Amino acid sequence: MKWDEFFVTGDPLIYGAMVSIVVATLAILITLAVTKRYGWLWREWLTTVDHKRIGIMYILAALLMLFRGGVDALMMRLQLATPDMTFLASQHYNEVFSTHGTIMILFMAMPFVLGMMNLVVPLQIGARDVAFPVLNAVSFWLFFAGAMLYNISFVIGGSPDAGWSAYFPLASNEFSASVGHNYYSIAIQLSGLGTLMTGINFIVTIIKMRAPGMKLWKMPMFTWATLITCIIILFAFPAFTVSLAQMMFDRLFGTQFFSMSNGGMDMLWANNFWIWGHPEVYIVILPAFGIFSDVISTFARRNIYGYKSMVFSMFAISILSFLVWAHHFYTMGHSAAVNDFFAIATMAIAVPTGIKIFNWLFTLYKGKIVFPTAMLYSLAFIPIFTIGGVTGVMLAMASADYQYHNTMFLVAHFHYVLIPGTVFGMLAGVYYWFPKLFGFRLNEKIGKISFWLIAIFFNVTFLPLFYLGLDGMARRMYTYSEATGYGPLNLVSSTGAVFLAAGFALVFFNVIYSALKSPREHLADPWDGRTLEWSIPSPAPFYNFAVTPSVQSEEPVWDFKKKGIPIYRDKITPIHMPSNSGKPVIMGVFFFLWGFCMVFSWWIPSIIFGAAVFIILATRSFERDHGYYVPVDEIIATENKLRGENQ
């Protein structure tokens, strides 16, 4: 293999990316060397099994991927800003929009959701960690290995270019001869395996590790959303993982699962992809629904209206999410009866979603509402997401979809669903739970400025796309002539994208500014919260709870403050905690190396690295590590320090 076949060459943008990667890597290594933090990094982060630190690493990875996917989005909007733009060539544009979709869904939204689960769920149910702490670390490093493997494709070998859904035959060797879709199949398999492990881990955690008295119907809404999401993960991800393995075999070993001949079926990929892909939308939205419920209840100073109907509506959404996948190809030759079934199922899913929106509105009714940044995101979500839902019902009509299909109308619709439904939810969660993790709040003034930039210019960016789609602009056009008349609205959209990016940049800035400037507080409950996490010190100690809590309702902290019902009744005793382990991160490195060698069909090194993974697994299976106990004196000293007490 020649160097110009290994590295992507000939594009100044790619050269710039290569330089930035080298510079960033050197900056990190130099910083670690100057500060002598190698040992600290290894002991405190790379080998941690603490669910809170793993959650923080997930969210840091999500923010990194948000930056990468955002740059891709800005490049696309620049290319489409005016007619006959030549900023990106057609092939480069194909790679950019393919990568943008995959990164934003699988490597930004998913780790954001999994990070929030890790940060919050054990605290909400009174657990000291997840059921399988080492498996939790393995899950993260599998995700991270997959994310990094996918992200190096644009400088080594070439990016996928058949869209984020990678339809065959476009993703076959015949039409996509580069190794881009080798990266796609292997990297997403790795990260998907980590996600599946996380789903199993949190189902067991929620079912088996709740505090005494916390029955299922007393769990906080975010915990319910997490449980239902993990059940969807358990059923949805295996289908996609198997299909990715079949793609890998088609591309690397010449099988014919998705070929147009020899018994293959390209529509098999499309069906399997969307059997996973549509539930995936709810995998990243349902946890946000749980966050909105907790945030709105807290800042409206009211318990959530219709608690059980909120839970049942999430179950209904989860079931219906598996019955709508074929609405993604109404135009591909199904019978009218099939199209009718999926149209009805797609419209039906709006009913439980509507129930949730009305429940949030009734929670706000007569509430004593306050408006911190987390609440602003939660309130803005309701009208913006409703637009996404209404346009989804329009797309659900099979006959009308012949006009909307594969136009910019569809692009606008799913951005109106996913950005307010997932990104607003995750940002609300970050602002809401940040003091519980770090002991200080994010700056509210900067937070509100960034919120208004994001909320306003999100609409400026994506609302014009509805009109462009109705006017016939196809979703994957990389250029257009002035005669089409698409120029003015595209320019408005691209201008909005710049200010939208500025809003997200302010979120990054706020984290750095607040870390340097915000006062450190010893407030266990800075928001006047209602659920269990607000009863422990901020930041939360590594063992979470000095004493196992006892729960009487779904709002134990509110009951304690208003009715005097105690949460902690027992004395402090030594706490058993799991030991850190270096095996998950080492396994992640070997998985990355195995995947990289598989991408280029380097069989001998791939066998060696694959064998190394199995050796680590075998070593772990014979390991006798029973963890350690935190003594009472250390617990008391930690509690006093975190609560700001002198003794």
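This is a predicted model: local features need pLDDT of at least 70, side-chain atom pairs count only at pLDDT 80 or more; totals for chains, interfaces and linings use all residues.
## Aromatic pairs, a surface patch and a buried glycine

G126 is found in the loop between α5 (90–125) and α6 (133–151). With a relative accessible area of 10%, G126 is buried, because buried means under 20%. Leaving aside residues up to four places away in sequence, G126 touches A211, L532, F545 and P549. One of these contacts, F545, is 419 residues from G126 in sequence, yet the two are 7.2 Å apart in space, C-alpha to C-alpha.

### Aromatic rings

A pair of aromatic rings is described by the distance of the centres and the angle of the planes. The structure holds 68 aromatic pairs, and two of them are set out in the table below.

| Pair | Centre to centre | Angle between planes | Arrangement |
|---|---|---|---|
| W217 and Y307 | 6.3 Å | 65° | edge-to-face |
| W360 and F381 | 5.4 Å | 80° | edge-to-face |

What does the pair of W217 and Y307 tie together? W217 lies in the loop between α7 (180–208) and α8 (221–253), while Y307 lies in helix α10 (residues 307–320), so the pair ties together parts that are 90 residues apart in sequence. W217 is partly exposed, with a relative accessible area of 34%, whereas Y307 is buried, with a relative accessible area of 11%.

### Charges over rings

The charged end of R53 sits over the ring of W45, 4.8 Å from its centre, and the charged end of R530 sits over the ring of W558, 4.0 Å from its centre.

Which residues make the nonpolar surface patch of about 590 Å²? The patch is made by V22, L26, L29, I30, V34 and Y38, and its largest share, five residues, comes from helix α2 (residues 12–35). V22 lies in this helix α2, and V22 is partly exposed, with a relative accessible area of 47%.

Terms used
Residues are numbered from 1 along each chain as its sequence is written. Side-chain values use heavy atoms; hydrogens and water are left out. Patches are made of residues with over 30% relative accessible area and no salt bridge: like charges are joined within 9 Å, nonpolar side chains (Val, Leu, Ile, Met, Phe, Trp, Tyr) within 5 Å. Accessible areas come from the Shrake-Rupley method with a 1.4 Å probe; for residues, only the protein chains shown count as cover. A salt bridge is a side-chain nitrogen of Lys or Arg within 4 Å of a carboxyl oxygen of Asp or Glu. Helices (H or I, at least four residues) and strands (E, at least two) are DSSP runs, numbered from the N terminus. Buried means under 20% relative accessible area, exposed over 50%, partly exposed in between (1.4 Å probe, protein chains only). Contact means heavy atoms within 4.5 Å. Rings of Phe, Tyr and Trp (its six-membered ring) pair if their centres lie within 6.5 Å; planes under 30 degrees apart count as stacked, over 60 as edge-to-face and the rest as tilted. A charge sits over a ring if NZ of Lys or CZ of Arg is within 6 Å of the ring centre and within 35 degrees of the ring normal.
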